[in-house]
Amino acid sequence: MSSQSICIKSSSWLLLAILVLFSQWAAADTVETAMMPGKVIEGHAKYEQECEKCHKRFDKAAQTRLCLDCHKETAADIRDHKKFHGSLKDHECRTCHTDHKGRNAKVSEFDKTKFKHEDTGFILKDKHGSAKCEKCHKPNQKYREAPTKCDGCHRKDDVHKGKAGAECGDCHNSKSWKEYKFDHEKTKFSLVGGKHADVACNKCHVDKTFKGASMECVACHRKDDKVKGHKGRFGTKCETCHTDRGWKVLRFDHDKETKYPLRGKHEKAKCDACHLPSKGALYSKQKLPTNCVACHRKDDKEKGHAGGLGEKCDSCHNEKGWKETVFNHDKDTKYPLKGKHREAKCDTCHKGGVAGPKAKLKVEKACVACHRKNDQEKGHKGKYGEKCESCHSEDGWKSLIFDHKWDTRYPLRFKHKEVPCKKCHVPEKPLYGQKLDTACLACHRKDDAHKGQLGAKCENCHQETKWKDAPFDHSKARFVLSGVHTKVECKKCHQTAAYHDAPSACVKCHQKDDAHKKQLGPKCEDCHNSRSWKSWDYNHEKRAKFKIDGAHAKLGCLDCHTKPVENTFAISRACSSCHAEDDVHDGAFGQVCERCHLTTEFSKLKEGVTGFTR
């Protein structure tokens, strides 16, 4: 047989093999199902024809993410670093759970003898360590669904009937259910330092539910209240006077524990003098008045005041004795007497005196109430308002104290100091009653050459020292100056004082520098920087998501970017967009040429890829 006939025969067998292979692919739903290594488990059977549910072409690393998209509880454990899956260092699902082993395969089986239960976050110790798995993990139940709270397994052992809560571990331990410890100091009722510590638990907690026991003394000591003779008249708050060290130990302090401290002669008064026995419980129901006149009205009449000085006896008198007077106008009123006011007689302000039925103690405190005549004589005539104290003091009418810096919210600086008051404060209106706008534009609107573009805060650029040639920090603007931009004159970009009209796009100023003629788009800053127009850098792989290697590295940018770009690039990354003429397969193998071909040379194939010809 000649070599030519052998070659023809071999080609025939090769063609036959290819036809068989393609016929198998045609019979299958997809290439993936034809190449599937085996049946999936019963739980995944409904997805058997949807390979993309668990696999992503050419991205093996995506498999775990696809698993967790369905198994959300496991995904949450991994994300929160809790339970078993959250403690694993290897989070690749396929490490432990492999599929395609048949419908009846168990992909979650594991060696219970080697399993470290502490990795789940629930450590087995003491009696839990000897318990069988089935005690907590019930049949047909996920392992994660096992209860982690004590009452999940020990509800029947709970003699407290749930009233003590679900945290059994606060008192009990895993060594023995009957062994327990409880720190009563963590409750709202302390047993420390008194006789309560010696009382048996069941004296207060009669039904073992513990919660709900009354914390009121009278709940246990009502009998003692009757024996001691109070008979409920002093109310139910026994702790107000008694302590847990003993019933006879009294600790009531009227000064600290009421809003009315007993001082002077009040200390000698008997309780019944104010707390009348006929009016019920001593400390709970009687709301006694604390004003002096409630008890001393008779004294007020006898002393001759007859109510003329009001009911605040304590303004002048004290508890040491009725005859002692302690009134101090500076401390005891809201109007201290200063300067020449100390020389004024009381009835100058208090018409009718300070005692007797005609006395008028409520006096208007405004200066103008007494000095209106002075205001007219000094020529103000009400034009400066009624707050005389803004300029004058009690030392004398001629003493002026007004300081615009401290007495207003607008200090006058530099050239503002030279401006007359009437420039801002219109004379026709009261000087201090005017609420003036403190914004610069209120006075300088005509000076605004920016036509309102830069807002109302002129002080961001201008100063009180001078309006023109004020320094400006361009880093606060939307366009930060860097590199050679810092040396450019303002007028180069800002043709007018309407600064916001200045363009910020590079191409607006550098159009003549664009040697690419718009073929690389208008965003010059993607390659160039402000240090130098000629120094440029562009990482094509990271920015355009298209790696330039092999024969591509020899091409110039404009070899692929052939058309002008107005906004964004619209160049296809598919090999066929440039190599359609090189595709000897006529599109039969799709447009992803890089599956088989190399970028170093189109005619070369990747290792392991068999060449096909038409």
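Which residue forms a salt bridge with Glu 386? In this predicted model, the partner of Glu 386 is Arg 372, and the closest N and O atoms of the two side chains are 3.7 Å apart. The pair links distant parts of the chain, with Glu 386 placed in the loop between helix 16 and strand 3 (392-393) and Arg 372 in helix 16, 14 residues apart. Arg 372 counts as partly exposed, because its relative accessibility is 45%.

The protein chain in which this pair is found contains 24 helices and 4 strands. Of its 614 residues, 14% are buried, and its accessible surface comes to about 49,100 Å², with 55% of that area belonging to carbon and sulfur atoms. When contacts between residues at least 6 apart in sequence are considered, 40% of them join residues at least 24 apart.

Helix 4, which spans residues 72-80, has Thr 74, Ala 75, Ala 76, Asp 77 and Ile 78 as buried residues. The buried residues of this helix pack against helix 3 (62-70) and helix 5 (83-87). Helix 4 is followed by His 81, for which phi is positive, near 55°.

Side chains of opposite charge can pair when their charged atoms come close. A search of the whole structure finds 13 salt bridges, and one of them involves Arg 144 and Glu 73, whose closest N and O atoms are 3.1 Å apart. Because Arg 144 lies in the loop between helix 7 and helix 8 (151-154) whereas Glu 73 belongs to helix 4, this pair ties together parts that are 71 residues apart in sequence. Arg 144 is partly exposed, with a relative accessible area of 28%, and Glu 73 is likewise partly exposed, at 42%.

A further salt bridge is formed between Asp 526 and Arg 543, with the closest N and O atoms 3.1 Å apart. Asp 526 is located in the loop between helix 21 (506-510) and helix 22 (540-544), while Arg 543 lies in helix 22, so the pair ties together parts of the chain that are 17 residues apart in sequence. Asp 526 has a relative accessible area of 24% and is therefore partly exposed; Arg 543, with a relative accessible area of 47%, is also partly exposed. Elsewhere, salt bridges that share partners join Glu 73, Asp 77, Lys 142 and Arg 144 into one network.

Cys 96, in the loop between helix 5 and helix 6, counts as exposed because its relative accessibility is 55%. Between Cys 96 and Phe 110 the separation is 14 residues in sequence and 8.7 Å in space, C-alpha to C-alpha. Leu 361, in the loop between helix 15 (346-349) and helix 16 (368-377), is partly exposed, with a relative accessible area of 39%. The C-alpha atoms of Leu 361 and His 350 are 5.9 Å apart in space, and these two residues are 11 residues apart in sequence.

Methods. Residues are numbered from 1 along each chain as its sequence is written. This is a predicted model: local features need pLDDT of at least 70, side-chain atom pairs count only at pLDDT 80 or more; totals for chains, interfaces and linings use all residues. Side-chain values use heavy atoms; hydrogens and water are left out. Helices (H or I, at least four residues) and strands (E, at least two) are DSSP runs, numbered from the N terminus. Buried means under 20% relative accessible area, exposed over 50%, partly exposed in between (1.4 Å probe, protein chains only). Contact means heavy atoms within 4.5 Å. Accessible areas come from the Shrake-Rupley method with a 1.4 Å probe; for residues, only the protein chains shown count as cover. A salt bridge is a side-chain nitrogen of Lys or Arg within 4 Å of a carboxyl oxygen of Asp or Glu.
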